[in-house]
Amino acid sequence: MPEVIANGVRFHVQHLNRPTGERTAPPVVFLHGLGMDNMASFYYTVAGAVAKTGAECVLYDLRGHGDTERPRTGYTMEDSIADLTGVLDALEISTPVHLVGNSYGGTIALDFAVDHPERVASLVLIEAHFNVDGWAEQIAAERQRVEAVVAEMGEENLQAWIRRFGRKVVKMMDALTDLANHTSFYPDLTKARPIERDRLRSLRMPIRAIYGEKSDVPDYRRQLEDLLPHATLTVVEGVGHSVLMDATPQVREIVTEWLAAQASGPCLR
């Protein structure tokens with residue numbers, strides 16, 4: 001299993017089309033969402049098509065997810081940004097990169113772009129949350145909602161329901177339970193320091209945004225015009241927060257066409 005050590009953590013990484021000589025185009029870095037998600041959600045949907053165009057692609061399991069190490073602490077947004085920085089450094093990528101982020105992966109992409117705009121060629125935000133005032137409270141409320149659902153089902157019924165989906169899902173749920181209950185995952189997320197809105201408005205790299213028509217984070221879609229006024233938005237009809245999985249062909253087409261346009265078109269920076 002390909003691994004790198006970054007920010008003191010062992011990361012599971014897939015590095016596709018790694019150049020043998022001088023890098024001539026920005027690599028594309030995929031950032032997945034939280035919880036049961038891992039790099040596979042991009043690997044089997046969008047990243048393969050992007051790699052077939054010849055683009056250099058980087059995928060990695062976030063800290064505590066997939067086959068990456070699951071330390072007991074270190075799940076703040078600052079840690080996520082340091083992890084991404086460390087992975088890029090470990091792969092000797094110092095040129096700007098295209099960041100493609102789904103859900104929390106989009107949140108990381110935005111925060112990284114604010115802190116390191118010189119390292120970002122463009123952003124693709126899929127159902128991304130914005131780390132602005134109120135986001136940490138939203139995370140805390142979502143955890144309370146999930147805990148209430150689990151309490152209502154009861155542990156025995158919950159385990160029986162999970163086992164219906166087979167060994168793979170059972171393994172993923174066991175990992176999520178360990179992450180949620182035996183690390184600083186949730187407390188760290190709720191410590192997120194909001195990005196000042198003017199810093200988001202100051203981003204100048206090209207930005208593509210994709211949201212589901214039935215998204216459960218519609219407030220962020222509505223804030224795009226205010227916070228990221230030059231972003232290009234597509235709302236995919238009939239799907240919700242899982243637009244990456246539920247409308248894969250459309251998302252794949254949007255991302256591949258966007259990246260091709262960045263290679264041939266003007267840059268705002």
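Residues with under 20% relative accessible area count as buried; this applies to the close-up views below, which show a predicted model.

**View 1. Phenylalanine 11 and tyrosine 60 form an edge-to-face aromatic pair.** The ring centres are 5.7 Å apart, with 80° between the planes. The pair links distant parts of the chain, since phenylalanine 11 belongs to strand β2 (residues 9–16) and tyrosine 60 to strand β4 (residues 57–60), 49 residues apart. Phenylalanine 11 counts as buried because its relative accessibility is 0%. Tyrosine 60 counts as buried because its relative accessibility is 1%.

**View 2. Phenylalanine 30 and phenylalanine 42 form a tilted aromatic pair.** Their centres are 5.1 Å apart, and the angle between the planes is 50°. Phenylalanine 30 is in strand β3 (residues 28–31) and phenylalanine 42 in helix α1, 12 residues apart. Both phenylalanine 30 and phenylalanine 42 are buried.

**View 3. Leu99, Leu123 and Leu228 have the most contacts inside the largest nonpolar core, which has 54 residues.** Helix α3 (residues 104–115) contributes the largest share of this core, 7 residues. Leucine 99 touches residues including Val29, Leu31, Ala109, Phe112 and Leu123. A second, separate core of 25 residues includes Ala47, Ala51, Val239 and Val255.

**View 4. Helix α1 (residues 40–52) packs with helix α11 (residues 248–264) at an angle of about 35°.** The helix axes are 9 Å apart, and the crossing of α1 and α11 is right-handed. Thr45, Val46, Ala49 and Val50 in α1 meet residues of α11, among them Val251, Arg252, Val255 and Leu259. By class, the contact of α1 with α11 has 6 nonpolar, 3 polar and 1 charged residues.

Definitions and conventions
Residues are numbered from 1 along each chain as its sequence is written. This is a predicted model: local features need pLDDT of at least 70, side-chain atom pairs count only at pLDDT 80 or more; totals for chains, interfaces and linings use all residues. Side-chain values use heavy atoms; hydrogens and water are left out. A nonpolar core is a set of buried Ala, Val, Leu, Ile, Met, Phe, Trp, Tyr and Cys residues joined through side-chain atoms within 4.5 Å. Buried means under 20% relative accessible area, exposed over 50%, partly exposed in between (1.4 Å probe, protein chains only). Helices (H or I, at least four residues) and strands (E, at least two) are DSSP runs, numbered from the N terminus. Contact means heavy atoms within 4.5 Å. Axes are lines fitted to C-alpha atoms, for helices over the stretch in contact, and angles run from 0 to 180 degrees between N-to-C directions. A crossing is left-handed if the near helix is turned anticlockwise from the far one by less than a right angle, and right-handed if clockwise. Ala, Val, Leu, Ile, Met, Phe, Trp, Tyr, Cys and Pro count as nonpolar, Asp, Glu, Lys and Arg as charged, and the others, Gly among them, as polar. Rings of Phe, Tyr and Trp (its six-membered ring) pair if their centres lie within 6.5 Å; planes under 30 degrees apart count as stacked, over 60 as edge-to-face and the rest as tilted. Lists of a residue's contacts leave out its neighbours within four places in sequence.
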